[in-house]
Amino acid sequence: MSASAPCGVTHSILGQPWRWRGLANDDSDTGFRPDALVDQLLLTRGCPRDALESHRSPTIRGFMPDPSIFRDMDRAADRLADAIERSEPVTIFGDYDVDGATSAALLVRLLRDLGLRAGIYIPDRLLEGYGPSADALVRLAEQGASLVVTVDCGAQAFEALQAARDAGLDVIVVDHHKCSTALPVAHALVNPNRLDEEEGAAHGHLAAVGVAFLLGAALIRTLRARGWFASRPEPRLLDLLDIVALGTVADVAQLKGLNRAFVTQGLKVMAGRRNIGLAALLEASRLTRDPTCTDLGFALGPRINAGGRVGRADLGVRLLTTEDEAEARAIAAELDQLNEERRAIEQAVRDEAEALLAAQGNRSVVLISGAGWHPGVIGIVASRIKERAQRPAIIVAVDEGIGKGSGRSVTGVDLGAAVMAAKDAGLLVAGGGHAMAAGLTVDAERLDALADFLDERLAADVAAASEARALLVDAVVGPGGVTPELVEALEAGGPYGAGWPSPRVAAGRVRVVKADIVGKNHVRAIVAGEDGRPIKAMAFGQADTPLGAALLGAGPGRRLWLAGRAKIDDWGQRRAAELHIDDAAWAD
């Protein structure tokens, strides 16, 4: 690894050093070897050298563990198999976000293929809040359900699950959120993040939909052993990978190990558009090409989420399970419209939160609250504030003295564990989550105490994360090296997402030929190297930052190094590449 900084940048326009993520490249675009670059991308993201081949083309067979390694998995599969054989009334109880919708849809579709039509229950975010309540579970028991499977929720539902047990209702919990040492009563609790997990703990990065897929595999194996398929066809679980990929990416699960296989193979299934709900959603999103990992996170996921945030909570799972094309198109159109409404609401809350950001001072964790804020958008706003402040952020919507909060963290800072510690300390009504995201309920008068607690608990971790902050570069190329061929080579190391970051290239030296502001706060630029070949570049949301000022104000005699993501420009008639700029440095 080169000890020198890429392009010699030790202090960029945005005030950060540039460092190599992996081995330094020659700063020219001569002798370009795609295979060598792909290997480098894989190795520097944690792939063992002897596993390069399996990571180049991740398959389910290559990464799938035996489901039985997880605690309670076989017990859960046996109980579901019993329900199928006895045609019991079963309800799938899902969370209102994408992971909950996809987890519920996967089990509903699988059970339907196995001959059992399960009911669906998705709680209303505003009226019922997160997770199963005692009232909801008892009501399901009174309506005749004998088995409820909670997905993407339930790991902390002590009171609700005890009420279900008292009502004679069996509950299987399928979750991935952090658990306490004590576990709620349940017929089975399948969660790789149980503190008593052993081999299964290696899969703690799975989204709930990934855990549900493993339960599906265990269920099919159990029924096969019982002879269930002697006179009926065995369902193809792999056909549901499109749903698994969507939930995994949209929940920002780390794209390592099995998740890489889920997304790689799931995108192939999705391209076939066999799920009529997903096909309708792709059409509503104006996606005519094969979907990409980015599309799952920025086009499809937000639309599914919009139902739980500002619309009807069950719209997402209804879309993913419908067998009627007309209904699918109608739901997809409604979700598309709700997503537009969500954007407007989010922007209003974001503007107010950003106005309050300066008052946070040097707190390690940003905690901003406001009365009347829509709780359906606070998670997205927390993500935006985190990016702006470069530290964990929690946004709290206060209504009648009770605050509903959602938080997002930075790499190296376990926000979920801190929130659970705050709950154990008596500062919260409820709370939980995982390392990068958390949710909580708090009495408004305890907000200051909560802020002090989080500041003290996470100060060292946030400081360490800030100290380690640098712009990581994977390759340096001459300006003429930003080509479609480079983009293709870089994409071969994907899929990219949380835990498997998209590659960044540095290009230069360049002069700014033209720059202007487009859309809301974006800078568009045409830059060129010494050979005069132009490259299109975009700096999103940077018009009011030092980076935007540098691009807009660079005179003809000044030169820059640019660092960002090389992407295909879909707008022109001729296939071309462009650079999405993350940072820049003066080269003079």
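Reader: Is valine 419 buried or exposed?
Author: In this predicted model, valine 419 has a relative accessible area of 2%. Buried means under 20%, exposed over 50% and partly exposed in between, using a 1.4 Å probe and protein chains only. So valine 419 is buried.

Reader: What pLDDT do local features need here?
Author: Residues count from 1 along each chain as its sequence is written, and side-chain values use heavy atoms, leaving out hydrogens and water. In this predicted model, totals for chains, interfaces and linings use all residues, side-chain atom pairs count only at pLDDT 80 or more, and local features need pLDDT of at least 70.

Reader: Which helix holds valine 419?
Author: Helices are DSSP runs (H or I, at least four residues), numbered from the N terminus. Valine 419 falls within residues 415–424. That run is helix α16.

Reader: How far apart in space are valine 419 and glycine 439?
Author: In sequence, 20 residues separate them. From C-alpha to C-alpha, the distance is 7.9 Å.

Reader: How many of the nine residues of helix α11 are buried?
Author: Helix α11 spans residues 276–284. Its buried residues pack against α9, α10, α12, α13 and α14. Helix α11 is largely enclosed by the rest of the structure, because the buried number is seven.

Reader: How are α12 and α14 oriented to each other?
Author: Helix α12 and helix α14 pack at about 70 degrees, with axes 8 Å apart. Axes are lines fitted to C-alpha atoms over the stretch in contact, and angles run from 0 to 180 degrees between N-to-C directions. Under 35 degrees is roughly parallel, over 145 roughly antiparallel, 65 to 115 roughly perpendicular, the rest oblique. Therefore, α12 and α14 are roughly perpendicular.

How values were computed: Helices (H or I, at least four residues) and strands (E, at least two) are DSSP runs, numbered from the N terminus. Contact means heavy atoms within 4.5 Å.
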